[in-house]
Amino acid sequence: MKSITKSITRNKNPCSIYYGTWVFLKRKEIMGGIGKCIKVLLGISIFSLASMKGLSLISEHSADWVAKYEKNADLETAKAVTEDTVEVSDHQSFLDAVYLMALNRQLSGTFYYKGDYNDIFHGDINKLLSEICAIDDKETSDDADYLENSISSINVGTSYNYIGSKIIDSTITIKIKYLESAQQLKEVNKKVKKILKKLDLEGKSEAQKVKLIHDYIINNTKYISSENSHTAYGALQGKAVCQGYSQLAYKMLTDANIKCHFISGKANNGKKTEDHAWNLVQVKNKWYYLDVTWDDPTGGEDRLRYDYFLVGSKRFEKDHMAAKEFKKLITKASKSDYKE
């Protein structure tokens with residue numbers, strides 16, 4: 001059996017040297033410290049299959065042994081797929097299984113495929129993450145943009161068995177670390193539901209709903225970097241940086257049936273350009289920018305501002321520059337600011 005491990009890590013700290021071979025490195029940070037790095041570790045050891053499945057790996061197979069192996073393939077597959085292992089049949093079923101794992105905020109998952117793992121996972125963890133987060137179930141706000149910005153790191157390990165040069169079955173193990181735990185997410189959803197009920201949004205226009213949510217976040221959150229400040233959980237505890245503000249805005253707006261996206265990039269506050277995050281919101285079938293963080297001034301007395309409330313691209317993009325991956329998405333932003 002051969003094994004390969006690949007990982008992508010999002011961390012505010014620079015990537016540390018990791019045992020293995022560095023193949024590719026990419027880093028991106030969001031204000032207050034969420035970064036990306038990709039590191040690929042190629043495993044060069046060959047382990048005994050007996051320790052994994054009760055079989056033996058033989059470098060030179062006789063015709064009789066191969067025939068016997070193939071005859072008992074179904075039995076061995078049944079042994080391989082344990083209660084903790086999900087059997088997948090193709091690329092889409094693999095994506096669906098990993099999506100459910102992430103949606104439930106599971107820390108690890110094992111997936112069995114009767115064939116070459118390259119058929120269902122091509123080694124690109126960034127693409128895997130994008131495909132998982134492209135799934136948007138309208139019954140929940142825990143997935144899509146919210147999920148993508150809740151993941152701290154992903155590690156993917158693959159092991160496979162082969163006869164000659166042909167891979168006959170594969171096991172993919174995925175480990176995910178989240179910025180927000182399953183319990184914290186549960187608390188977020190419970191509190192957001194309670195807040196939205198208190199805001200009494202029923203019968204309100206889309207713009208009014210956005211304003212009420214915008215005002216609530218600003219009135220109840222301070223720009224403070226802390227352990228959970230990159231999450232909606234942290235924002236609901238009263239302390240957040242831009243990612244936490246934008247995550248909470250995304251969740252509250254989505255749960256209020258307002259279409260919304262999470263955007264990250266750079267912003268210039270007049271003194272310097274920094275990594276930043278904000279939202280893109282749909283009101284009356286048009287898309288506008290919303291920066292709750294910058295409408296909540298740091299220092300001085302608390303007060304509401306609407307400088308970045310439902311703003312069009314003509315004005316907003318003078319000091320906000322979306323990251324490359326959002327260039328296509330932001331083309332749908334209205335040029336002019338929202339007007340009643």
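Helix α8 lies across β12, β13 and β14 and runs at about 125° to β14. Contact here means heavy atoms within 4.5 Å. Axes are lines fitted to C-alpha atoms, for helices over the stretch in contact, and angles run from 0 to 180 degrees between N-to-C directions. Helix α10 also packs on the sheet, where it touches β11, β12 and β13, and its direction makes about 10° with that of β12. Helices (H or I, at least four residues) and strands (E, at least two) are DSSP runs, numbered from the N terminus.

The model is predicted, so that local features need pLDDT of at least 70 and side-chain atom pairs count only at pLDDT 80 or more, whereas totals for chains, interfaces and linings use all residues. Residues are numbered from 1 along each chain as its sequence is written, and side-chain values use heavy atoms, with hydrogens and water left out.

The chain has eleven helices and 15 strands. Of its 340 residues, 50% are buried (under 20% relative accessible area; exposed is over 50% and partly exposed in between, with a 1.4 Å probe and protein chains only). Among contacts in the chain with a separation of 6 or more, 63% come from residues 24 or more positions apart.

The sheet is open and has five strands in the order β14-β13-β12-β11-β15, with antiparallel pairing. Its edge strands are β14 (309-311) and β15 (320-322), each of which pairs on one side only. From one strand to the next, the twist averages 45°. Two strands pair if DSSP finds at least two bridges between them. Strands of a sheet pair through backbone hydrogen bonds, either parallel or antiparallel.

Strand β12 (residues 273-283) has nine of its eleven residues buried, so it is largely enclosed by the rest of the structure. Strand β11 (residues 260-268) pairs with β12 in the antiparallel sense over nine bridges. In this pairing, Ala267 stands opposite Glu274 in β12, and Gly265 stands opposite His276 in β12. The hairpin of β11 and β12 has four residues between the strands, and Gly270 takes a positive phi near 100° there. Strand β13 (residues 286-290) runs antiparallel to β12 and is joined to β12 by five bridges. Val281 stands opposite Tyr288 in β13.

Two residues other than glycine are noted for their backbone angle. Most residues other than glycine have a negative phi, and most peptide bonds are trans. Lys284 is not a glycine but has a positive phi of about 50°. Lys284 is placed in the loop between β12 and β13, a hairpin with two residues between the strands. At 52% relative accessibility, Lys284 counts as exposed. Ala144 likewise has a positive phi, near 50°, and is placed in helix α6 (residues 144-148). Ala144 is buried, with a relative accessible area of 4%.

Helix α7 (residues 182-199) packs with helix α10 (residues 242-255) at an angle of about 55°, and their axes are 10 Å apart. This angle makes α7 oblique to α10. Angles under 35 degrees count as roughly parallel, over 145 as roughly antiparallel, 65 to 115 as roughly perpendicular and the rest as oblique. The crossing of α7 and α10 is right-handed; a crossing is left-handed if the near helix is turned anticlockwise from the far one by less than a right angle, and right-handed if clockwise. In α7, Leu185, Val188, Asn189, Val192, Ile195, Leu196 and Leu199 meet Leu248, Lys251, Met252 and Asp255 of α10. The residues of this contact comprise eight nonpolar, one polar and two charged. Ala, Val, Leu, Ile, Met, Phe, Trp, Tyr, Cys and Pro count as nonpolar, Asp, Glu, Lys and Arg as charged, and the others, Gly among them, as polar.

The axes of α7 and α8 come within 11 Å and cross at roughly 120°. This crossing makes α7 oblique to α8, and the crossing is right-handed. Ile195, Leu196 and Leu199 of α7 and Leu212, Ile213 and Tyr216 of α8 make the contact, whose residues divide into six nonpolar, no polar and no charged.

Tyr216 lies in helix α8 (residues 206-220). Not counting residues up to four places away in sequence, Tyr216 touches Ile195, Leu199 and Met252. The C-alpha atoms of Tyr216 and Leu304 are separated by 9.9 Å, with the two residues 88 residues apart along the chain.
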